[in-house]
Every structure is written in C-alpha cells, then in structure tokens.
Amino acid sequence: MNRIIFTSCNIAYLDRAMVMLDSVRRHDPEVDIGLVLVDRKNASADVGGALRAFDVVFFAEDLAIEDFDRWIFGHTVVEAATAVKGPMAVRLLRDYDKVVYLDPDICLYASLELAWDLLDGRAAVLTPHLLDPEGSLMGILDNELSALRHGIFNLGFLGMSKRNGGEAIATWWAARLLEFCRDDVSSGMFTDQKWMDLAPAIFDGVSIIRDPGYNVASWNINMRRTELAPDGCFRVNGRPLVFWHFTKAIDVGPSVTMKATHANAAVGAIWRDYLERLRRSRESLGADVAWSYGLFSDGTPIPAELKRAYRDSDHMRSAYPHPYRSREGLFAWRGWRDPSVPLGRV
Amino acid sequence: VRRGSSSGCAPTEWFDPTEYLFRNPDVESDGLDAFFHYVLFGRSEGRSIGEGQAHLPTSAVITQVEEAEPTPARGDNSRHGLLESTVRHLFHEEYYRRRYGSDSDDSFSAYMNEPDLWMRKPNWWFDGEDYLSRYPDVAVASVNPLLHFVVAGRREGRKPRARGAADFLRALKQPNVQDLVNSWPVHCTEHVTSQSDVFDVLRLRMGPHERLLVSMGNDNYSAGTGGIQYVVSEEAAQCALAGWTHWYLYPAMPSPLATSRGSQVHSLIDGEPGPSFDIADLGGILMSLEGCSVSTHARVHGLLGWDPSEVSRQLARSKPVDFYVHDMVSVCPNYTLTLNEMLPCGAPPARSQACQVCSYGEARRKVAPAINEFLTNCKPLAVFPSAAARDEWLKTFPDYGHHVTRTLGHIEWTGSRISDTARPRIAYVGMPSQLKGFGLFCELADWNLQEDRYELVWLGRDTHEIPGVLTVEVDQVGSERSLMTSTLAGLGIHAVLISPIGFETFSFVAHEALASGALILTHRMTGNVAALAGQSGAGVVAATPDALIEILRSPTFPRYLTRQGSVRPTGRFMFSGLLPVTEVGSFTQ
C-alpha cells in the first residue's frame, strides 16, 4: 500500500516544513512526502534545494484551480494555503492509497502507525482539538469556546483513504474549500476546519483518533500531562508521544505553552529542541520572503481587506480580471489609501 | 478592530494612531496598523505615544472596572476603597524596599502608577514581568499587573507567577552546546615541544624519582575550584610525599564535550608548568620512559575536552590505566545527565526520543563508539567515587567488570558546634548555576523576603548581591581546603541547600556541609547527594525539587531545623589514598 504525507505552505513557512519532513523521514521512512507550495514559481527566494527534498511537489497554480489568479487573489495566505489542501488531497489520492496531511509546524516523534492502520478500513481519520472537558474558566474560554468557533477537529492532521469512501470525502471537502475557505468565524467559517465538523455526520467511515499522543498543542497541553519515562520515551497522559503541533513557534507559542504547563521541564525540553531545529532550518534556507500572491505585480502589498472585498464582489472581479496588475484601479474602487503613495501626497 | 484600523480611528482614549505615526515615522513604512505596531513592538521598544497618555492612571482603571461591574451594595466608594486596600495589602513594602531600594517616598503609589516599575515584584509571589509576558492581553491593556490580578486575573484562573517561568523561557533560548564549542577559535600555542624534548624535560624534572603518574583532566587544576581539580590537587600532593612524579595533562583547548578541538596538550609537572606538546606523541613518550625503567601509571580523571579515540590510542600500551568516573561524560557528553539541561534524564538508550530531542544527543551518538574503543583497548580500571556513581554508570555499561568503588574520602568527626541564632540559617554553596540548583535557592530567597523564616547565606567565589541573602566570599583557590567547612561552621549554618538538576557522583559540597555540622537539604534525583543525606541521617531528601520547596515553606520546618541543627558534630574531610595501586585484587570488585 503506497502512502504519502503532504503539507501545504508558502516559502516563508518552508523552514517549518523542512523540520516536519526530517521528522517524517526519521519515523516513517517508508512514506513519500509531498508539498504544495503556495507561492509563484518565480518567487525571489532560491528554494530549489529544499523542494528537491520532497518526493512530490506541486505549485498551487498547477492544481487545476479554475481562474487561478482571480481565485488566489481573493485569499489571504492562511486561507490559500489551507484551501489548496483539498485539491492536493484529491490529486494525490489518484496515485496513493493513503494520504495524510500534516501542517508544516508539526513534528513527528514516532510513526503514525495507528493512523495508517485505521485507514485500512476507514475513509478518513481526524484528531480533535480537545479530548477532555476543561476544568477551569480559563480553559473553557481559551480552549472549549475556541474549538466551538474554529472547529472540533484540528486539521493540522487529516488522513484519507483511497478506498472506504475516502475519495468522496476529499472531493466534497475540496469543492467546499475552493468556494468557502475563509477565515470568517462570525459567518461560521474558519478556513478548512469548520467544514470537517460536518464530515462524521455526512459520511460513513470517519474515525476520530482519541490518542493523547497525537496532535499535542498549546490548546490542549494543559490537559495532556507530558513526562519523560525511564526508557527515554515521552508519555502524554501515559501514551507515547507521536506528534506535536508547534503553533506560533517563533511567536507566543513557547510562553503560552509554559503558562499552560506551569513550566513543565519535559515540555520545555521538547520545545527547546524544536526551536533549535527550526533555527537551523531557517539558517539553511535563508528564504524569509513576502508571500508572492500577497503582492501586486509591482511589489505593493495587498491589504487583506482588499483581497476579501475582491473575493466577495462579482463586480470587482469582472472589472479587474487580472487583479495583480490592477493596483491603482482596485485601490480606487473602495477609495482606500494606496500604501505605495506617501501620505503627504494624498 | 480591522474596520477602525483602516479608517484611522483611535482604539482607546489613550492611544492616537496619528500621534503615534507622527512620533514614530518609521512605523508608517512597515505597513502595520499603528496600534498593532505599538502593542506588538512599540511598547517593548519604549516608543512614545504622546505626553501623559502612555498608560491609564490607576484610578482610571479602577473606575473602568467599577463601571463595567455591578455596583456593590455598600455604595460607590466602598469598592474603590476596598480594591485599593486589597492591592495595598498585597504590596509588601519591606520586601519591595529591600529588593529595589528606596527610590520614592511612597513606593506603593510609584509602583502602581509608573509603568516602568510594573515588571517588578511587589511581593515574593507576584512577578510583574512574568505575569505580563504570560498574559499579553494584560500587557496590551496597560494596567498595573498586580491590580489586574486582583481585579480580574485571579477570578479568571490566572496564575500570579509560573514556577520556574523565567528559567523555562531562558532555557529555551540557550545556544546549542555543539555550536557554542564550534564557535570557539582554536588557538595553537607557539611553543610545542618535540617528543624527545618532552622526554628530556621529564627526566630532568623527575630527578631521582622512578615512578611517574600521568594524570589527565579537563583544565588546569591549580586555577580551579571544582571537585575534580580538588582531587587532582590532592593527588599531586600525595605523589610528592610518596616519591612519585605527578605529570598532569590537559587539553590546550578545553571543551565541555568529549570531542577533540585540537591536538595540543598542556602539562604541569608536580604542579609547575611543564611542556606543551602534541597528544599524538604521548604514547611514544611513555614508551621511551618505560624503556628507561621509569614505572608509569596512567590515570584519566575525565574525558571532557579529549578525543577518547586518541586517548585510547596513546594509552593502549600503557598498563595500568585508571579511569576515575567523576562525572558521566563517558555515558553522555552532557555529563550531568540532563535532557537539554532542563530535567534529569538518567541516560536512556541513545536512540530514544529523549536523546533525539536533546542538544547533546547527536554528540552522544557520535562519541559512543570512541568511548567503547577506550574501554576496550585500554581496559582501564573504572574507579567510582560512590556507589551511586557506580550504579548509574553500570546502567550503560552493564558488562564492564573491571571496576572498583572507592570513595574519595570520609569525614573524621572531631568535635561539635552550637548554633544559637534566633532563626535557622540555610546556605547555598558554590557558583550560581541553574544546574546546581541556584534557581531553587533564589526562589526560597524571594519567598523568605516576605515570610522571614530563615537567614539565608550564599558562600562562594563569584557571589553577587541578592535581596535578603547574606553573601560571603569564600575563595578556595590557594587557600586551605577546609576553608568552606570552617566558614560554614563559623556561621552556624543549620542546613545547606544542595539541589542540583544533574547527577552528582560524589559532591564535595555535601561533605563540606556535613563536616561543618549542617544538614543537607536535597531531593532524590541528585545522585550521591541524596545517598549521603540518607546514609548520614543528617538531611532531608524530598521526592522532587518542588516537594523540597514545599517542605521549606512549611511553618513547622524552621523549628525542626533549629532543633536538629543547633548542636551538631563537626569534623574534617579526609582524603582517601589517591596513589596508584597496582594490585587490583586489593580492591573490592
């Protein structure tokens, strides 16, 4: 049975993807690794070496997304990088029996054996954000309410099988993402995640992995006691650690985790290692560039509000079929201030 | 927020985006919203947002809280007063002044209203810097953190201070040890003596002696105060008395890892500078000496800074070879056996998850074959300074049978001392290292500033001022080695806190503490420290560092310490014989 793990990111997140890739090579060496890169092929950074480390690479523009320029102009980087997960999964299921998606900021510490085994007989596997009821007001506010807003399942991980109905789930999900992959919680959408809340109800064969060693992250670490066992293995609520989701690793991730774990030294040791791996990866890549689909053709940044307005307005899309070359017209459409023009000249 | 931001609205009454951009013109070019910029970067960069608007005065915050919450039954003013009195009660004036000095007539008002002071600790249990770093939303709100905690934080389940928070975040940023070592320049000394010249110098300096102890360590023992340096110093002294020449070798480029960083070694002959030479010549020099009927005995006191393969090659034809297991560097280059220097690991299998995430894991996997080569080729007699060291080491080398357990010394009890201080005295001895448990001592000191249960003393060479702690400079370099013991006894120390994160194979500090009449306060994961405390019956061994702190905070513990530690036997540390013993059979195998 051929299997693949893939991730999706832009060049700026390749550093994380490389750390994820290394961890997969170590713990699931038999598995192919794929990447969908959500950046232009002629983006300024030289990342050819990094891309060659993957077994399968697609650029977002090669995923046969209709009217691609207009489509991606209407998405922020997070929306775009999550939206392409669907079409990429559909594409990979043509060639692979089992497909697992991992966020680039995930790091494996053991094989995904349980997930692979489940996909023998199930259509898809998901990991919930939370496995236990919160015991404090802060936990409810931070985690349970957040899960209600952003989705029951964390789609940093998703497994799908070619058989058992998995392709149907992937096809449905991909279709929804191409139309409605939006960071718009007030409208009931949060990129690709909220859609999967529907999957266990709509489809048969969706398994929920309730192993605490899967998808340990800042939003559940307060309920997942992590310790170092005498055999040198990390145990999470007594179960072996399989993978950790290092959300916001170079931002507030460490301090949020520290707060939630009361400075648990085992957690600290894991985080320190990840930050070190990430630092090395960043140094070797040296590719901290702006998202190429977030810039007009002349290099002017495109405000997220403008992207959303373009996505939501049929008129704008009709008037400007080549949005990346239409900076002046699009700014003028809503009377927004063009950031490329100095304030004094307005 | 987004809508307001794009239209240039002011998000609060105290922040004006236009004013901020005017004062910080470079922000405009970042393309980030002014308020977001201030929250994310500007505040920590100390950027101006306009005169008198930087932070809401305390009274305004309280008013806002009052407006936001139902008015209490006792009337509008009572809540304000209650709140202020609560916060004032939590502000420990004496603690604050002792910690930060008296820079204002009204410390409480200054602390409450001057944002520059909010990172401070108003009492031992509340850490403003820690609170604001853990709760960015509070930092954004520009509210005094203690006030926030009182008004809202405590009801929201927020912690006033995360235990070990500063250490945790600091540890995350520690550089990788291998990178650190690689970044050190490798120096070559100008004068490298040839093999034949080294031989000549040795023969000359040996005089009539025909016995040579070749002793190998990590650094110049005569300049250091560590345990191994102490042992080598005593070893040299015993050699001098017994007619042995003591030739001590150490790498010209010391390293915290058991990997070579250059081939040059420095040497001391009977404590005086000797020739520097290339390690590759050592085997030849030893062979030449043996050819002249010089009886040589090699002893490795540690492999830090050495390439074990090279040591193995040079000593392969020398018999006998002692290998003193003073540290666990032969088990792991991180000789303290701590995972990323954050928690004890017990040296699990090198392919375990623990070693995969440890910054020493790669070095361990690389150096392990060389260590095995050293043990196989040289078949050294492994000498363990304690049973605890032996048991730990044999977990990794269970089949290595050529070993002996020989303690480095014992305490000869000679008298007693009486401590009549009103409060029990607890000391920390040595350098301010987190690995040695200095963080725990500082935590105790912080708590004690308010509770005032103990008199705390820090004795060592590189002390600095800590609020509420008496510091006593004790420099043992060039001094009588009993200086620490006599100082501890002279101060009437009831107990010494020895709470390292890493594994201790012997611990001179623990022996000095016991010899001075002090009890040992430690936890179970400290190797021979816990063993000594248990065996001597003169100590408290808690399950964990956390449990130890809880014991120290117990209201009854000061009385226990005073009772146990007021009249105590005292003695002096007596070294065991460190001269080479060729008859292995005389040891207990």
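Predicted model: local features only at pLDDT ≥ 70, side-chain atom pairs only at ≥ 80, totals over all residues.
Local features need pLDDT of at least 70, side-chain atom pairs count only at pLDDT 80 or more, and totals for chains, interfaces and linings use all residues; side-chain values use heavy atoms, with hydrogens and water left out.

Q: How is α22(B) oriented relative to α23(B)?
A: Helices are DSSP runs of H or I with at least four residues, and strands are E runs of at least two, numbered from the N terminus. Helix α22 (residues 483–490) of chain B and helix α23 (residues 508–515) of chain B have axes 8 Å apart, at an angle of about 45 degrees. Axes are lines fitted to C-alpha atoms, for helices over the stretch in contact, and angles run from 0 to 180 degrees between N-to-C directions. Angles under 35 degrees count as roughly parallel, over 145 as roughly antiparallel, 65 to 115 as roughly perpendicular and the rest as oblique, so α22(B) is to α23(B) oblique.

Q: Which residues of α23(B) make the contact with α22(B)?
A: Contact means heavy atoms within 4.5 Å. On the side of α22(B), the contact is made by M484(B), T485(B) and L488(B). Their partners in α23(B) are E512(B), A513(B) and A515(B).

Q: How do the residues of the contact of α1(A) with α11(A) divide by class?
A: The axes of helix α1 (residues 14–27) of chain A and helix α11 (residues 265–285) of chain A come within 8 Å and cross at roughly 120 degrees. Ala, Val, Leu, Ile, Met, Phe, Trp, Tyr, Cys and Pro count as nonpolar, Asp, Glu, Lys and Arg as charged, and the others, Gly among them, as polar. The contact includes D15(A) and R16(A) of α1(A), and R277(A) and R282(A) of α11(A). The division is six nonpolar, two polar and four charged.

Q: Is α10(A) roughly parallel or roughly antiparallel to α11(A)?
A: G253(A), P254(A), T257(A) and T261(A) in α10(A) meet V267(A), W271(A) and L275(A) in α11(A). The axes of helix α10 (residues 253–261) of chain A and α11(A) come within 11 Å and cross at roughly 170 degrees. That angle makes the pair roughly antiparallel.

Q: What area is buried between chain A and chain B?
A: Chain A gives 36 residues to the contact and chain B gives 38 residues. Buried area is the accessible area (1.4 Å probe) that two parts lose on being put together, summed over both. Carbon and sulfur atoms give 61% of the area, which is about 3,000 Å².

Q: How many salt bridges are counted between chain A and chain B?
A: A salt bridge is a side-chain nitrogen of Lys or Arg within 4 Å of a carboxyl oxygen of Asp or Glu. Between chain A and chain B, the count is zero.

Q: How far apart in space are F190(A) and V125(A), C-alpha to C-alpha?
A: F190(A) lies in strand β9 (residues 189–190) of chain A. In sequence, F190(A) and V125(A) are 65 residues apart. Their C-alpha to C-alpha separation in space is 19 Å.

Conventions. Residues numbered from 1 in each chain as written. Chains lettered and ligands numbered in written order.
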